[in-house]
Structure formats: C-alpha cells, structure tokens
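Try each task on the structure first, then read the solution below the task.

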Amino acid sequence: MMSNTRALKPAWLIAIALLFPVMGFAAAETTAVRVELSLRHDRPGAKINRELYGQFAEHLGRGIYEGIWVGEDSKIPNTRGFRNDVLAALKELRIPVIRWPGGCFADEYHWRDGIGPRSARPVRVNTNWGSVEENNAFGTHEYFDLVEMLGAQAYIAGNLGTGSPHEMAEWLEYITSDSHSTLAELRRKNGRDKPWKIAYWGVGNESWGCGGNMRPEHYADLYRNYTSFLKTPNDNHPQFVASGGYNDLTVWTEVLAKNIPSNIDGISHHYYTIPTSVWEKKGSATGFPEEEWISTLEGALKMDGYIQANRKILEKRDPDNKVKLYVDEWGTWYDPAPGVREGSLYQENTLRDALVAAINFTIFHKHADRVRMANIAQTVNVLQAMILTDGAKMVRTPTYYAFKMHLPFQDATFLPVEIKKSARYMLGGHEVPSAMVTAALGRDGKIHIALTNLDPNKAAAVAVDLQGYAATVARGLILTADRMDAANTFDRPDNVKPRPVEYKIGPAGLHVDLPPKSFVVLSLESKTGDIR
Ligand code: AHR
C-alpha cells in the first residue's frame with residue numbers, strides 16, 4: 001500500500017476536515033474503488049495545442065450584449081464598452097482563441113453592418129436566436145479589440161450561407177490588407193491603422209443545417225470556389241476551416257477530405273452533450289436525478305468515439321496529418337429553465353458541467369496530434385458558459401474553474417497513462433469508467449496529472465506508478481461539491497471553487513484519494529514546501 005500522508009498546512013487540514021462530512025467523503029472512503037495507473041513519461045506524445053482550450057462567442061442571447069459588451073455609456077464599469085469584471089475573469093483563463101460571430105448567426109451576418117459609427121449601423125433581426133434586434137454595436141473592430149485585450153487568437157466564421165465569395169474576400173481584405181486599397185483605408189478611417197492578425201477562418205458554419213441545409217458534395221464545391229478568392233498578405237494567412245459534420249456523422253469528413261484537395265487546413269466537427277436521447281426533452285441543468293448525472297457523463301464520453309471515427313477517415317485520406325480536426329462547438333445543452341427567454345440558450349452550470357469539461361479535455365489530449373482546436377459553446381451566458389451575468393453581477397461557473405485548473409496542459413506534451421486496474425460506475429443501463437486520467441509534460445518542465453472521479457457515491461483510491469520518475473510531492477487543486485448539481489449563484493458565487501491539495505509521493509508512487517464526483521489537477525514536484 002502506498003503512502004497517503006497529506007502534507008497540508010494546518011489551516012487546510014481544518015478546512016478539509018470540516019468539509020468531509022458535507023461531501024459525504026468519510027462514508028464513501030470505506031467503499032472506495034481501486035484504480036491503478038502507470039505513467040509512461042518515457043513515451044511522450046503530441047503537443048497539446050493550447051487552442052484545445054478555445055472559446056466560442058456568438059451573437060446569441062446575452063452572450064455578447066450584456067455578457068461581454070455593455071457599451072461605453074453603461075453604468076457597469078467597462079473599458080471601451082467591455083465589462084471590466086468579465087474581461088478580468090476571462091484574462092485569468094489565458095484564452096488561446098475565440099470563435100466569432102457564430103454559429104448559425106455567422107451565415108446571416110454581413111460584416112459591413114458592423115463597422116463605422118455605431119449610430120449609423122443598421123438594425124437587423126437575429127432570425128436564428130429569438131428574432132431579437134441586432135443593432136450591430138459589436139462588430140469587427142470590437143471583436144478584434146476583445147481578442148487583443150485577452151491576448152487570444154482570432155477565429156472568424158465567414159458567411160457562406162447568405163453571403164458571396166466577393167463579400168467574404170472583402171472582409172478578409174479589410175482585416176488583413178496593409179496596402180492603400182479602398183478597403184484598407186476604410187479600416188483606417190474607422191480607427192484601425194495596422195491590419196489585425198487572423199489565425200483561423202471558417203468558411204461557413206453547420207452547412208448541413210442552419211448554414212444552408214446542403215449536401216457535403218455541394219458544400220465542397222462552394223468551399224473550393226470561396227477559398228479561391230480568399231487572399232491575404234503572406235505573413236497573415238489564416239488556417240482555412242471547412243464546415244464539417246456533427247455527432248457520429250463521418251460523411252462530411254469523408255466527402256470534404258476527398259473533394260477538397262487544397263486550401264484546407266482543418267475540418268470542423270460539432271458535438272453537444274445532452275442528458276437524454278431526445279432533443280426536444282434534453283433534461284434540466286439543475287435538480288436532475290442521478291440517472292441524468294451518469295447519462296450526461298456517458299454522453300460526454302461519446303466524444304472519443306466520434307473523434308476516433310473522423311480521424312480514421314483523415315488518417316486514410318491525409319496520412320501526412322495536414323488537415324486537422326477542429327471540434328469548434330462542444331459542451332452541454334439542456335432544456336431552457338422556466339422564465340428563460342426563448343432562443344437565448346441561458347442555462348445554469350453545475351459541478352456536472354465541470355466534470356463534462358474535464359472528460360472532454362482528457363479526450364482532446366488523447367487525440368492531440370489530429371485535434372488541434374476545440375471551442376466550448378459558449379463563453380458568457382450561453383450554454384456551457386464560463387461566466388454568468390445578471391445586470392452588474394457576475395459569477396464564475398464550475399466550468400470556468402475546470403478551464404482554469406487545466407491551464408498547465410496548454411502547449412504541454414501528452415504523456416500516456418496505462419490503466420492497470422479500474423472499475424465501472426453503472427446505473428439504469430448507463431455505464432462509465434469510475435475514473436479518468438490524463439497527463440502531460442508542461443512547458444514549465446513539470447509533469448501534470450488530471451484525475452477525475454465520475455462516481456457520485458464512491459471515492460476512488462488511485463495509485464499511480466510513476467515508473468521511476470523522481471518526484472516527492474504532488475500539489476494542485478481539487479474541484480468537488482456536496483451536490484451533483486452544486487452551482488455558483490449570484491448569492492453564493494463561491495459555492496463551487498477549487499481548493500489546494502497536496503499528496504506525498506512514496507517509494508511506490510503517488511496515491512490520491514479522490515472524493516466522489518470530483519477532479520484534481522496535480523503537478524509533480526521534487527521538493528516539499530508550502531502550497532502556492
Ligand atoms: O451554439 C449554439 C448553436 O449550436 C450554434 O449557433 C450552431 O452552430 C449550433 O447548432
């Protein structure tokens with residue numbers, strides 16, 4: 001049996017001792033499942049591209065307006081119209097990339113509506129999302145202001161559905177041209193001298209559905225046509241992203257990989273996790289039964305198979321790994337809560353969502369050689385959000401903390417972990433592994449391990465054989481709560497928050513007692529000391 005001595009500061013000992021009865025930890029520890037792992041630090045894999053921790057922010061509900069942008073005249077403290085509280089919280093996530101303006105919105109968005117004096121911008125109807133008025137106050141200049149303030153890369157989804165190759169080409173010229181063309185001068189007149197950097201360019205969105213209801217063959221031809229006219233200076237050429245399939249569909253990847261021989265850097269794939277199998281009755285974000293806890297996590301795990309199926313096709317068609325897979329929409333999607341405005345996709349976010357995020361990160365890391373970007377839907381007030389706002393109030397969700405805890409994995413090198421012994425958590429015909437693990441060698445030179453206990457009732461006693469890796473202590477953060485649907489509310493914004501943990505490493509390796517429904521992210525270190 002490995003050493004399991006916790007070397008916590010006395011204050012933490014007291015705090016955690018007080019928490020144990022609330023978390024049901026003491027009761028669960030007697031029935032802990034055993035998990036045995038072996039860390040293969042001698043077999044490093046692909047780089048975990050930091051863009052796997054990307055975001056998606058659409059003109060939808062209160063995602064942009066109210067959530068990010070309140071305008072300069074708002075009473076909510078802001079910088080050039082951007083909420084200061086949201087900006088500060090997002091900066092902590094070191095967001096690598098933000099996809100904008102949609103989603104379905106993208107294929108009805110005409111970029112000229114969103115430039116020039118705001119008072120002169122046209123008002124349109126956002127037909128996809130509740131037919132609300134879109135006053136275009138947030139446009140190209142505001143988007144790039146946001147990404148530059150956050151230090152993120154830009155990913156624009158262009159309008160293929162109701163636009164034209166000419167309109168799309170002009171937008172790209174407006175953004176990237178350093179010439180004295182009329183469009184570059186228009187950008188300067190509107191306040192931006194230098195071109196902006198654009199990292200990714202999506203050619204339409206969900207072209208099988210809201211983006212135009214197309215067949216993949218037709219889309220492939222349109223893609224070839226549009227991209228022929230998308231020209232930029234050589235040093236500012238975005239990766240071109242084709243709109244791909246969703247869920248278990250592979251036909252889009254197959255047809256696009258076959259029919260688009262050039263001008264393609266990635267294929268997008270979307271998958272949303274819902275607790276049930278019926279879209280019209282997805283299930284509730286809170287107050288759900290345990291059956292919907294496990295079915296949601298089981299649903300999240302399907303991401304692995306969907307990626308696997310698509311990468312298999314790419315491996316055949318593109319053995320040199322030139323065309324990447326971008327999961328540029330993922331996350332949970334629940335039924336709207338009573339009173340939530342139709343089409344706003346505002347939903348509560350609980351511990352369950354944080355575990356869904358941890359599961360997805362584990363899967364993305366495993367496929368890091370082919371899956372080079374993923375974008376959670378969406379950043380603020382929409383679907384599985386990082387942040388929820390109510391007027392001037394703001395809360396960080398459990399998903400926010402899942403992203404923050406996984407920061408050491410950005411640009412780290414994947415390390416495989418062999419599972420020697422594990423268990424299954426089962427209920428009502430659903431089944432998931434009790435525990436999940438992912439590990440990487442960080443850019444800081446340390447090994448980072450994330451462990452997730454999916455079982456809401458039983459602790460997991462996890463033994464990690466470090467295969468001779470010299471470390472004496474594992475330090476990090478744990479996220480758990482008393483209830484499966486524990487959330488951060490505007491009255492209790494710190495209800496679900498990570499807490500520091502520390503585990504000594506003995507001669508036999510690392511031993512972690514994971515409470516039920518929790519995950520931990522640890523860094524292996526070779527010296528003991530204070531928790532930072
Ligand atoms: O994220 C919400 C919507 O889900 C997006 O607009 C669309 O692309 C997808 O169907």
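**Exercise 1.** Find helix α7 and helix α8 and work out at what angle they pack.

*Solution.* Start with the two elements: α7 covers residues 216–228 and α8 covers residues 251–259. Helices here are DSSP runs of H or I with at least four residues, strands are runs of E with at least two, and both are numbered from the N terminus. This is a predicted model, in which local features need pLDDT of at least 70, side-chain atom pairs count only at pLDDT 80 or more, and totals for chains, interfaces and linings use all residues. Residues are numbered from 1 along each chain as its sequence is written, and side-chain values use heavy atoms, with hydrogens and water left out.

Next, look at the geometry. Two packed helices are described by the angle between their axes and the distance between the axes. For α7 and α8 the angle is about 40 degrees and the axes are 9 Å apart. Axes are lines fitted to C-alpha atoms, for helices over the stretch in contact, and angles run from 0 to 180 degrees between N-to-C directions. The two helices are therefore oblique to each other. As for the wording, angles under 35 degrees count as roughly parallel, over 145 as roughly antiparallel, 65 to 115 as roughly perpendicular and the rest as oblique.

Last, list the contact (heavy atoms within 4.5 Å). From α7 come Pro 216, Glu 217, Tyr 219, Ala 220 and Arg 224, and from α8 come Val 251, Trp 252, Val 255, Leu 256 and Asn 259. These residues divide into seven nonpolar, one polar and two charged. In this count Ala, Val, Leu, Ile, Met, Phe, Trp, Tyr, Cys and Pro are nonpolar, Asp, Glu, Lys and Arg are charged, and the others, Gly among them, are polar.

**Exercise 2.** Now follow α8 to helix α9 and describe how they cross.

*Solution.* Helix α9 spans residues 290–317; its axis and that of α8 come within 9 Å and cross at roughly 20 degrees. That makes α8 roughly parallel to α9. On the α8 side, Thr 253, Glu 254, Ala 257 and Lys 258 make the contact, while α9 supplies Asn 310, Ile 313, Leu 314, Lys 316 and Arg 317. Sorted by kind, the residues are three nonpolar, two polar and four charged.

**Exercise 3.** Which residues in α3 and α4 meet?

*Solution.* First locate α3 at residues 84–92 and α4 at residues 140–150; their axes are 9 Å apart, at an angle of about 50 degrees. That makes α3 oblique to α4. Leu 87, Leu 90 and Lys 91 of α3 meet Leu 146, Met 149 and Leu 150 of α4. Five of these residues are nonpolar, none is polar and one is charged.

**Exercise 4.** How many residues surround the ligand, and which are the closest?

*Solution.* Count 13 residues around the ligand, the closest being Glu 58, Cys 104, Glu 206, Tyr 272 and Glu 329. Then check distances to oxygen atoms of the ligand: a polar side-chain atom of Glu 58 lies 2.7 Å from one. For Glu 206, a polar side-chain atom lies 2.7 Å from an oxygen atom of the ligand. An N or O atom in the side chain of Gln 378 is 3.0 Å from a ligand oxygen atom.

**Exercise 5.** Where does a cis peptide bond join Trp 100 to its partner?

*Solution.* The partner is Pro 101, and omega is about 0 degrees. Pro 101 sits in the loop between β5 (97–100) and β6 (124–126). The peptide bond from Gly 102 to Gly 103 is cis as well, with omega near 20 degrees.

How values were computed
Near = heavy atom within 4 Å. Polar contact = N/O pair within 3.5 Å; in protein donor to acceptor, adjacent residues only side chain to side chain.
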